[in-house]
There are 2 protein chains.
Amino acid sequence: MNRANTFWTGEETPMGTTSKALTLLDYFTISRPQIGLSDLARLSGANKATCYRLMSELMEHGLVEQVAGSKEYRIGPAVLRLAALREATVPTREAALPLLQALAVATGETAHMSHLVAGQLVTLSYAYPAAHGMRVMMEDADRLPFHSTSSGHAVMGWLPADTVAQILAGPLPAPAGLVQITASDLADRIARARATGWASTANTFEADVSSFAVPLFDAQGQVQGALAVAVAGPRLTEAAEQTIPRQLIAAARAIMALWGGQIPPELSALWRITEQPTEKVQG
Amino acid sequence: MNRANTFWTGEETPMGTTSKALTLLDYFTISRPQIGLSDLARLSGANKATCYRLMSELMEHGLVEQVAGSKEYRIGPAVLRLAALREATVPTREAALPLLQALAVATGETAHMSHLVAGQLVTLSYAYPAAHGMRVMMEDADRLPFHSTSSGHAVMGWLPADTVAQILAGPLPAPAGLVQITASDLADRIARARATGWASTANTFEADVSSFAVPLFDAQGQVQGALAVAVAGPRLTEAAEQTIPRQLIAAARAIMALWGGQIPPELSALWRITEQPTEKVQG
DNA sequence: TCCCGTTGGTTTATTATTTGAACCGATGGT
DNA sequence: ACCATCGGTTCAAATAATAAACCAACGGGA
């Protein structure tokens, strides 16, 4: 009797064929938008033939397509239909966008919103304060690491303990030239995020960038993502450190009002205390 | 020995598991955005257990999610990441949108662009001429029938013959109270679309709506979709019938210039003849 | 309150599908 | 002319998917 196919993930629980196919999609990122067959097989650890068949099936449905010349694969047009359908069903993105823009203007910094999807934190919208000037740049569809971003900390503060443990079980990537976060430091930060209702980091994800974040909840009171402001290092004044969390809270409240999101009572109390007289962010 | 599993599609070619899972996604539409397990099993003809497992796998990856109260499934947030990635890789939608808007304004009617994805024609962008007034309404992520829309005719005119045959092999749905298109009529319309470079229909898809369409091509000269203008019946003057095809052609040219789309020489010649002195649609 | 049909979800042996190593022809660099 | 690599294919061996029956829970209707 042979071993179960642990080649793929190293897990012992067998992985459904569909999951394997969908896992392949995860290798496509902003920085690697096109992948050839052999590369993909190497990246995923799957057999080339397997990879080929799975990609063929994904291609049949338009989830991926092959670029004409090189035969490399890339994300296909079908996802546009699905995304349009998703937004029509649950208008998270579009509804929140004006509020995100208002937040960017109010703070004078880059604002972004990330969503928790399949255990990962993905940036899905962002807004800049103005058309020009120095700013922290964002990219859509980028995955944020949980351990080195304020968004990650804010989210983990309100995630079930076992889910957090699962995330922390993964490796802590070591960012070159940045502030390194140790495991115990991280636990501390998560606890603080929960205790204060917001999180902040400095120079942990990108150099000379500080960021502040608050969690976002869905209608069932489950964490759904985070709202964050990324401040360009030189502009991080003491005043900014005071006001930004408040503005974040106000904006998060407004966004969740749109979604029908439920703020956990515990957090709601924290936010009531923190949110001193400050003008509301208006959409 | 049992028969191969022909239950699913009636086809004799066996269907990969991944395809079966992805097929389930097709049952989610604008008009039916949420589906319960039993319903989905009935709709798809799949076994309930099968359906359950497939949906579970899709759910693991965030392609679908369950709404909290009813346990019904709906399209999940992961598609947003994929769509953002797609647009970052191949900016079809966003790039064309301003031109689409210009076309709507120029014609004074609703303009829309549909894409060919996995053998289906899906509306992915549209633009209205003004904020108010009578207009033909569109919906994103809607599938257009090939046989009763000008977009369908325009596209089929430039599709390989066998692909067209495959499409026509399907049933011709009978729209209630509209002009019925017979099989021979349809063949005629497709031929005309190819011969003239554009297609038009009246009262075939929606009552009191006429529409005009031209095909769109990708960088390899393959039909990729259609650009169309839908005219509210009462406004369909003879002048409009003259100018709209020209405006469509101009806009299609502009859009394909953005994509690097290749117009087949045969069509290019047709369009050169048709496109008499008329002001270019400007993005 | 009892019934009955429905729901989402689970279990099982049976069955068909997926898998991986080897192989192919084409392509491109040296 | 060579070698390495590419995308794609083949086939027996091993695996995972399937379908029917079965739950418990829910929601009307009588």
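# Exercises on a predicted two-chain model

Strand 7 of chain B pairs with strand 8 (residues 209–217) of chain B in the antiparallel sense, over 4 bridges. The model is predicted, and the exercises below start from this pairing.

## Exercise 1. The sheet of chain B

Task: State which residue stands opposite B:Ser200 in strand 8 of chain B, and which strands are the edge strands of the sheet.

Solution. 
- Step 1. In strand 8 of chain B, the residue opposite B:Ser200 is B:Phe212.
- Step 2. The open sheet of chain B has 6 strands in the order 6-5-4-9-8-7, with antiparallel pairing.
- Step 3. Strand 6 (143–144) and strand 7 (199–202) of chain B are the edge strands, and each of them pairs on one side only.

## Exercise 2. The sheet of chain A

Task: Give the strand order of the open sheet in chain A, and explain why strand 6 and strand 7 of chain A each have one side without a neighbour in the sheet.

Solution. 
- Step 1. In chain A, 6 strands in the order 6-5-4-9-8-7 make up an open sheet, and their pairing is antiparallel.
- Step 2. Strand 6 (143–144) and strand 7 (199–202) of chain A are at the edges and have a single partner strand each, so one side of each lacks a neighbour in the sheet.
- Step 3. Within this order, strand 4 (residues 110–117) of chain A pairs with strand 9 (residues 223–232) of chain A through 6 bridges, in the antiparallel sense.
- Step 4. A:Thr110 has A:Ala230 of strand 9 of chain A opposite to it.

## Exercise 3. The relation of the two chains

Solution. 

## Exercise 4. The interface

Task: Describe the contact of chain A and chain B by residues, by buried area and by polar pairs.

Solution. 
- Step 1. Chain A and chain B bring 50 residues each to the contact.
- Step 2. About 4,300 Å² is buried between the chains, and carbon and sulfur atoms give 69% of this area. A:Leu80, A:Arg81 and A:Arg86 supply 18% of what chain A buries against chain B, more than any other three residues.
- Step 3. Between the chains, 12 residue pairs are in polar contact. On chain A, the elements that supply at least two residues each to the side touching chain B include helix 1 (17–25), helix 3 (48–60) and strand 5 (120–127). Helix 4 of chain A gives the most to this side, with 12 residues.
- Step 4. The side of chain A that touches chain B comprises 26 nonpolar, 13 polar and 11 charged residues.

## Exercise 5. Salt bridges

Task: Find how many salt bridges cross the interface, and how far apart A:Arg53 and A:Glu57 are in helix 3 of chain A.

Solution. 
- Step 1. Over all chains, the structure holds 18 salt bridges.
- Step 2. Across the interface of chain A and chain B there are 2 salt bridges. A:Glu65 and B:Arg86 form a salt bridge through their side chains, with N to O at 2.8 Å.
- Step 3. Within chain A, A:Arg53 forms a salt bridge with A:Glu57, and their closest N and O atoms are 3.4 Å apart.
- Step 4. A:Arg53 and A:Glu57 are 4 residues apart in helix 3 of chain A, so about one helical turn separates them.

Technical notes: Residues numbered from 1 in each chain as written. Chains lettered and ligands numbered in written order. Predicted model: local features only at pLDDT ≥ 70, side-chain atom pairs only at ≥ 80, totals over all residues. Heavy atoms only, no water. Contact = heavy atoms within 4.5 Å. Buried area = accessible area lost by both parts, 1.4 Å probe. Salt bridge = Lys/Arg side-chain N within 4 Å of Asp/Glu carboxyl O. Polar contact = N/O pair within 3.5 Å; in protein donor to acceptor, adjacent residues only side chain to side chain. Nonpolar A, V, L, I, M, F, W, Y, C, P; charged D, E, K, R; others polar. Pairing = 2+ DSSP bridges.
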